[in-house]
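Reader: I have a model open and want to learn how to read it. Where do I start?

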Amino acid sequence: MKQNLLRKIIGGLSFASVLFVFQACYGTPQDFGLDVLIEGQVKSKASGEPIKGIKISIENEGQNQLSDDNGQFSFYTVAANSYNLQFSDIDSLQNGYFEKKDTAIAHVNEKIFLEIELDPR
Amino acid sequence: MFTNLKRKAFQQFTKTETKRHGLNYLFWECTSRCNLNCLHCGSDCSKQSSHPDMPLTDFLNALDTIENKAPHFMVVLTGGEPLLREDIELCGRELRKRGVRWSIVTNGMLYNAERHNSLLNAGMGALTISLDGLEKSHNWLRNSTESFNKVDNAITLAASARRLNFDVVSCINKQNIDELNEIYSYLCKKNVKAWRLFTIAPIGRAKNNSKLLLSNDEMKTLFNFISEKRKNNEIDVKFSCEAYTGKYETYVRDSYFFCRAGINIGSVLIDGSISACPNIDRSFVQGNIYADNFNSIWDERFQPFRERQWTKTGKCAICSDYKKCKGSGMHLWHGDKSEILVCHAEMISYK
């Protein structure tokens, strides 16, 4: 703790706050960005069975993912005050036929688990 | 006086950092396979590498030996071309489960919209893409007629992601030194926020190719260009941490030169070797994850990286800037290590 403080004082004296931010010659920038983990499961409202192949999209981020065999999904995305997620059945009748659903979530702190139910068409 | 105080404080800072040697940047050379055959390749990668990709579990076993990871500890996946591994996203997710941030260095050949999406989903937070000029000069160095179009697409995707801390790196050589301003304009148009420039060291395939190595005047041109562009903040342009730059120090980077290889930067190489930056001569290897405990090696060895008096040899022995430079970048020491390969400060001091 004391050593850390001393390190910061000396770093500050050399007028380079960037001293603690570096990248190796052939490396990438360091990652100080904030993100959150959004996980969940999509089920049929009628049967309670998990649904495979539902496309989960995050509005304005261009990110998406398909639910797996267990209807589960999991992705990291940039930290924000709120998210609008869209759940769409893009494989038509292949894994059942379900209505689209929009869900707004707010105040995600590091991670959240969502249980989503879709109405059959 | 002000500059002297600043310099002295910095020297003290480097001493403290060296003594402390906190690992917060770990390269994982996860594959040595590559889908390009670049003229300047220094790592002897090939399309059919003799080394198989390192299994994820082997790397995780080494990673798990690290006690008390630094607050911003991260793993940089490199190669070869890391995207040739189909399990990069799985690797990334396993790292995030351990609370570790991760990033990749890529040539962009396989970085399409689908891969961009899956990498972001897996928690990638930083990215570096190599671009070595406008179309003709980039394709020349990359030895591929498709390379520029692919990397152009990769840059578009990366620049569109709010989550990514992303930069472009360029190896400056005789073929692209005259198009620096055009590359800069291109990157501005692509909405790139950070651009890092390198020179090519006479190692690997570059050793016998005079078109790749800059002359003294070209080196000055490069440093003058970087200094000039840093005055406006359109893009964060900087010279890489590869070498001490003499009178250009602080004009071409955010702070004075400090090679952190083996001080804050470590690596697990394709054969399990434990070292610092992957471009450093393999004679500096300090151990192997298949025989040693990674954490013990990091804590107890790495003396050549942390005590650099041995670099005071050859021209460095009589150099008045030695205290500031400390033998420049570790990757510039090869063979019997009796002489530094290139001295950037010497190159720019010629009239």
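Author: Start with pairing. Two strands pair if DSSP finds at least two bridges between them. Helices (H or I, at least four residues) and strands (E, at least two) are DSSP runs, numbered from the N terminus. This is a predicted model, where local features need pLDDT of at least 70, side-chain atom pairs count only at pLDDT 80 or more, and totals for chains, interfaces and linings use all residues. Residues are numbered from 1 along each chain as its sequence is written, while chains are lettered from A and ligands numbered from 1 in the order in which they are written.

Reader: Which residue in S3(B) does Met74(B) stand opposite?

Author: Met74(B) faces Arg101(B) in S3(B). The strands S2(B) and S3(B) are parallel, with 4 bridges. S2(B) also pairs with S1(B), again parallel, through 5 bridges. There Val75(B) of S2(B) is the bridge partner of Leu26(B).

Reader: How many residues of S2(B) are buried?

Author: First, the general idea. In a regular strand the side chains alternate between the two faces of the sheet. A residue is buried if 20 or more other C-beta atoms lie within 10 Å of its own, exposed if 12 or fewer, and partly exposed in between; C-beta atoms are placed from the backbone. In S2(B), 5 of 5 residues are buried.

Reader: Now a helix. Which residues of H2(B) are buried?

Author: The general idea again. An α-helix has 3.6 residues a turn, so residues three or four places apart point the same way. In H2(B), residues 56-63, the buried ones are Phe59(B), Ala62(B) and Leu63(B). They sit on the same side of H2(B), because their arc around the axis is only 100°. The arc is that of the directions from the helix axis to the C-beta atoms.

Reader: What do the buried residues of H2(B) pack against?

Author: They pack against S1, strand S8 (265-268) and helix H9 (294-300) of chain B. Contact means that the C-beta atoms of two residues, placed from the backbone, lie within 7 Å.

Reader: Which residues touch the most other members of the largest nonpolar core?

Author: In soluble globular proteins, nonpolar side chains tend to be buried together. A nonpolar core is a set of buried Ala, Val, Leu, Ile, Met, Phe, Trp, Tyr and Cys residues joined through C-beta atoms within 7 Å. The largest one here has 123 residues, and Leu77(B), Ala158(B), Ala261(B) and Cys277(B) touch the most other members. Helix H6 of chain B (residues 147-159) gives the largest share, 6 residues. Beyond four places in sequence, the contacts of Ala261(B) include Cys277(B) and Phe305(B).

Reader: What about chain A? What is its strand order in the open sheet?

Author: Chain A has 1 helix and 7 strands. Its open sheet of 3 strands runs S4-S1-S7, with mixed pairing. S1(A), residues 35-44, runs parallel to S7(A), and 8 bridges join them. One bridge pairs Ile38(A) with Ile112(A).

Reader: How many residues does each chain give to the contact?

Author: Chain B gives 45 residues and chain A gives 30. H1(B) supplies the largest share of the chain B side, 7 residues.
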